[in-house]
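Student: I've got a model open and want to talk through a few of its local details. Can you take my questions one by one?

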Amino acid sequence: MKMKMLLLTLGFLVSVPGFSEANGKLPNTKGGNPENAPCDCQEGKHHHNMHRDWQSHMAEKEQKLLLWVDQFSPDKKAEWTKVLAEKKTLSKEWMSPENAGKREQWKKAKLAKMEELKKQFDEGKLTKEEFIKKAHGGKEMGHWKTFHDLRIAVGKKDEKQAKVLLNQLLVQTKQHNRQIKEMLKKE
């Protein structure tokens with residue numbers, strides 16, 4: 001039972017950063033303002049509210065980030081603004097109905113990878129640490145950890161560390177954008 005929970009949790013964590021990070025907003029299939037687009041999910045009301053909560057969470061995170069850039073790394077403000085705008089554009093494209101097949105293909109590949117890693121773990125070929133690292137593609141939750149560390153540095157008013165972490169997060173965000181571009185190019 002513990003292994004099942006671990007696998008489900010890891011599967012969620014692996015898919016959510018890449019997939020949900022790409023999900024800045026609901027797909028706008030009806031035209032008009034995407035914020036007001038109805039949720040087309042098959043889940044209940046609770047699931048629909050999760051979409052809205054995720055959107056507001058990501059918007060708050062972006063606002064915090066831009067405030068920290070203003071405070072600790074104002075020379076990078078234009079670059080950050082450009083990278084975040086590109087991220088939103090790529091997210092919209094990734095979540096568009098035209099790319100539903102690519103998203104499904106990506107999801108199946110992720111699940112197949114998780115199953116293979118679980119099998120190796122069950123057979124004793126992988127330690128728990130190796131399983132976690134491979135499940136995250138060796139990234140160890142890079143941008144999530146960096147953002148967390150940045151929040152701590154800002155709380156401690158550690159300007160030097162905050163600037164270093166902002167630069168690291170900028171590089172990671174650019175890498176994420178490149179990954180989304182590559183996924184969009186795949187047939």
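Student: Leaving aside neighbours within four places in sequence, which residues is S73 in contact with?
Tutor: Keep in mind that this is a predicted model. S73 sits in the loop between α2 (45–72) and α3 (77–94). Once the neighbours within four places in sequence are set aside, the contacts of S73 are W68, K163, L166 and N167.

Student: Is S73 buried or exposed?
Tutor: The cut-off for buried is under 20% relative accessible area. S73 has a relative accessibility of 1%, so it counts as buried.

Student: How do α3 and α7 run relative to each other?
Tutor: Helix α7 covers residues 159–185, and its axis comes within 10 Å of that of α3, crossing at roughly 30°. The crossing is left-handed. Angles under 35 degrees count as roughly parallel, and therefore α3 and α7 are roughly parallel to each other.

Student: What kinds of residues make up the contact of α3 with α7?
Tutor: From α3 come E79, W80, V83, E86, K87, L90, E93 and W94, and α7 brings L166, L169, L170, T173, K174, N177, I180, K181, M183 and L184. Sorted by type, the residues of this contact are ten nonpolar, two polar and six charged.

Student: Which residues of α4 are buried?
Tutor: Helix α4 spans residues 100–122, and its 23 residues reach 33 Å from first C-alpha to last, close to the 33 Å expected. Just after α4, G124 takes a positive phi of about 80°. Within the helix, the buried residues are R103, W106, M114, L117 and K118.

Conventions. Residues are numbered from 1 along each chain as its sequence is written. This is a predicted model: local features need pLDDT of at least 70, side-chain atom pairs count only at pLDDT 80 or more; totals for chains, interfaces and linings use all residues. Side-chain values use heavy atoms; hydrogens and water are left out. Helices (H or I, at least four residues) and strands (E, at least two) are DSSP runs, numbered from the N terminus. The expected span of a helix is 1.5 Å times one less than its number of residues. Buried means under 20% relative accessible area, exposed over 50%, partly exposed in between (1.4 Å probe, protein chains only). Contact means heavy atoms within 4.5 Å. Axes are lines fitted to C-alpha atoms, for helices over the stretch in contact, and angles run from 0 to 180 degrees between N-to-C directions. Angles under 35 degrees count as roughly parallel, over 145 as roughly antiparallel, 65 to 115 as roughly perpendicular and the rest as oblique. A crossing is left-handed if the near helix is turned anticlockwise from the far one by less than a right angle, and right-handed if clockwise. Ala, Val, Leu, Ile, Met, Phe, Trp, Tyr, Cys and Pro count as nonpolar, Asp, Glu, Lys and Arg as charged, and the others, Gly among them, as polar.
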